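Subject: Structure for your review

Dear colleague,

Please find below the structure that I am handing over to you. My findings follow it, arranged by topic.

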Amino acid sequence: MIFGSDNWAGGASQINQALSKGAAGLASAYEMSDLDQRVKKKFCEIFETECSVFYVATGTAANSLAIASAMRPGGVTFCHNEAHLKESEGSAPEFASGGGRLVLVDGDDAKINPAALKKIAKDYPPTFNHLGQGTMVSITQTTEGGTVYSLNEIDAISEVARANELVLHMDGARFANALVDLDCSPAEMTWKRGVDMVSFGATKNGCWCAEALVVFDKSLATQIEFIRKRMGHLFSKARFVSLQFEAYFEDDLWLELARHSNSIGIKLAEMVEHSPNVRLAWPSKTNQVFFFADTNKAEKWAAAGARFHPFPVPKALAGTTAENEGMYRLVASFIATEKDVADLKAVFAT
């Protein structure tokens with residue numbers, strides 16, 4: 001019944017074995033080993049294009065590095081008003097970018113509305129220095145609401161970004177979960193739609209600590225090495241990150257793990273939808289499920305061993321909750337099972 005976060009799950013056995021096997025001996029440091037180069041070549045193969053890959057320790061660092069690399073004086077980054085960038089990064093993007101600001105954009109289902117983005121982007125032209133200038137749009141895939149931008153929705157946002165000379169960034173902390181839901185290639189979900197860089201997350205999907213910023217626009221990559229070093233995110237023993245990514249990609253393990261967590265997420269959503277004591281907040285086909293419940297009941301279920309987290313009610317649903325009702329999030333990890341869902345169902349029935 002542990003659905004608190006996919007961060008709670010340890011490493012997949014294949015990744016654990018790869019780390020153990022590769023831990024001994026010597027290897028060049030600072031991403032200069034043969035293994036590091038081999039894995040970076042694998043990234044290029046997966047994305048079907050030449051790309052620059054920068055390892056970092058956390059998704060927060062990847063997002064902050066992306067924003068810092070595109071920042072200009074008075075620069076702003078546009079993101080959804082419930083994006084992880086805004087809600088959970090502890091002002092790291094603003095700090096790393098030297099005072100860059102986040103400008104929030106509305107949109108249903110935790111996704112930026114392209115028309116709203118187009119309207120607000122006009123308020124930050126490069127010709128009026130009092131407001132600042134737009135530098136980047138960041139979309140989260142999958143979103144903080146467990147929803148997924150369709151390819152057409154990414155196209156629409158990309159069109160606005162290009163028209164306003166904005167870099168398009170994808171926060172892919174749960175990149176694989178979105179990819180298997182859309183059933184498309186990494187290229188089709190990113191650079192073929194105008195995405196310039198991706199925060200590529202693997203830690204939530206079976207790795208120990210494996211995050212990277214993947215950059216498709218070479219002009220944006222030139223200064224990232226220096227910014228990353230200044231941020232303190234250049235690994236000396238980078239082979240331990242490469243060992244994880246190599247095992248992650250082998251035989252499409254990363255997609256297998258994401259399909260599994262998504263499938264458990266779908267079963268969770270079905271269970272919630274048919275449970276008398278909770279109500280589904282909105283549909284989701286990935287590994288995050290949101291529901292409403294009486295706060296006293298939620299406390300009782302937590303005392304019985306169920307693990308889930310309170311979550312802020314989205315702006316679009318403000319005022320829709322009943323008295324003493326809260327919203328909560330369930331997250332299925334790659335090790336979650338159908339039995340876990342059945343056990344939670346039994347607890348929710350009490």
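How many nonpolar, polar and charged residues does the lining of the largest pocket have, by class? Before the reply, please note that this is a predicted model. The lining of the largest pocket comprises 18 polar, 14 nonpolar and 12 charged residues.

The largest pocket

The space in this pocket amounts to about 690 Å³. Its lining is made up of 44 residues, and those lying nearest the centre are Glu-82, His-84, Glu-144, Gly-145 and Phe-311. Several elements supply at least two lining residues each: helix H3 (59-70), helix H4 (84-87), strand S5 (167-172), strand S6 (197-201) and strand S11 (325-331).

The cavity

The count of cavities of 30 Å³ or more comes to 1. The volume of the largest cavity is about 50 Å³. Its lining consists of His-80, Glu-82, Ala-83, Ala-110, Ile-112, Ser-138, Ile-139, Thr-140, Thr-143, Glu-144 and Tyr-149. By class, 5 of these are nonpolar, 4 polar and 2 charged. Strand S4 provides the largest share of this lining, with 3 residues. Glu-82 and Glu-144 line the cavity, and both are also named among the residues nearest the centre of the largest pocket.

Strands S4 and S5

Strand S4 (residues 133-140) runs parallel to S5, and 5 bridges join the two. Ile-139, one of the residues lining the cavity, has Met-170 of S5 as its bridge partner. In S5, 6 of the 6 residues are buried, so this strand is largely enclosed by the rest of the structure. Val-167, His-169 and Asp-171 point one way from S5, while Leu-168, Met-170 and Gly-172 point the other way, and all are buried.

The nonpolar cores

The largest nonpolar core has 63 residues. Those with the most contacts inside this core are Phe-43, Phe-78, Val-137, Phe-200, Phe-245, Tyr-248 and Trp-254. Another core, of 24 residues, lies apart from it and includes Ala-83, Ala-96, Val-167 and Met-197. When neighbours within four places in sequence are left aside, the residues in contact with Phe-78 include Val-103, Val-105, Ile-112, Leu-117, Tyr-124, Met-136, Val-137 and Leu-166.

Val-39 belongs to helix H2 (residues 34-47). Is Val-39 buried or exposed? Its relative accessibility is 2%, and the cut-off for buried is under 20%, so Val-39 counts as buried. Leaving aside neighbours within four places in sequence, Val-39 is in contact with Tyr-55, Ser-242, Phe-245 and Glu-246. Although Val-39 and Ser-242 are 203 residues apart in sequence, their C-alpha atoms are 6.2 Å apart in space.

Ser-242 and Phe-245 are among the buried residues of H12, together with Arg-239, Val-241, Leu-243, Gln-244, Ala-247, Tyr-248 and Phe-249. Helix H12 (residues 239-249) is largely enclosed by the rest of the structure, because 9 of its 11 residues are buried. Just after H12, Asp-251 takes a positive phi of about 55°.

Strand S1 (residues 52-56) is mostly covered, with 4 of its 5 residues buried. Strand S1 and strand S7 (residues 211-215) run antiparallel and are joined by 5 bridges. Tyr-55, one of the contacts of Val-39, has Ala-212 in S7 as its bridge partner, and Ser-52 is partnered with Val-215 in S7.

Strand S7 is mostly covered as well, with 5 of its 5 residues buried. From S7, Glu-211, Leu-213 and Val-215 point one way, whereas Ala-212 and Val-214 point the other way. S7 also pairs with S6 in the antiparallel sense, over 5 bridges. In that pairing, Val-198 has Val-214 of S7 as its bridge partner.

The open sheet

An open sheet is formed by 4 strands in the order S8-S9-S11-S10, with antiparallel pairing. Strand S8 (278-280) and strand S10 (309-310) stand at the edges with a single partner strand each, so one side of each is left without a neighbour in the sheet. Strand S9 (residues 288-294) and S11 are joined by 7 bridges and run antiparallel. One of these bridges links Val-289 to Leu-330 in S11.

With kind regards

Terms used. Residues numbered from 1 in each chain as written. Predicted model: local features only at pLDDT ≥ 70, side-chain atom pairs only at ≥ 80, totals over all residues. Heavy atoms only, no water. 1 Å grid on protein atoms, 1.4 Å probe; cavity = no way out; pocket = protein on both sides within 12 Å on 5 of 7 lines; lining within 4 Å. Points joined across faces, edges and corners; volume = space filled by probe spheres on them. Nonpolar A, V, L, I, M, F, W, Y, C, P; charged D, E, K, R; others polar. Core = buried A, V, L, I, M, F, W, Y, C linked by side-chain atoms within 4.5 Å. Buried < 20%, exposed > 50% of the residue type's maximum accessible area, 1.4 Å probe, protein only. Contact = heavy atoms within 4.5 Å. Pairing = 2+ DSSP bridges.
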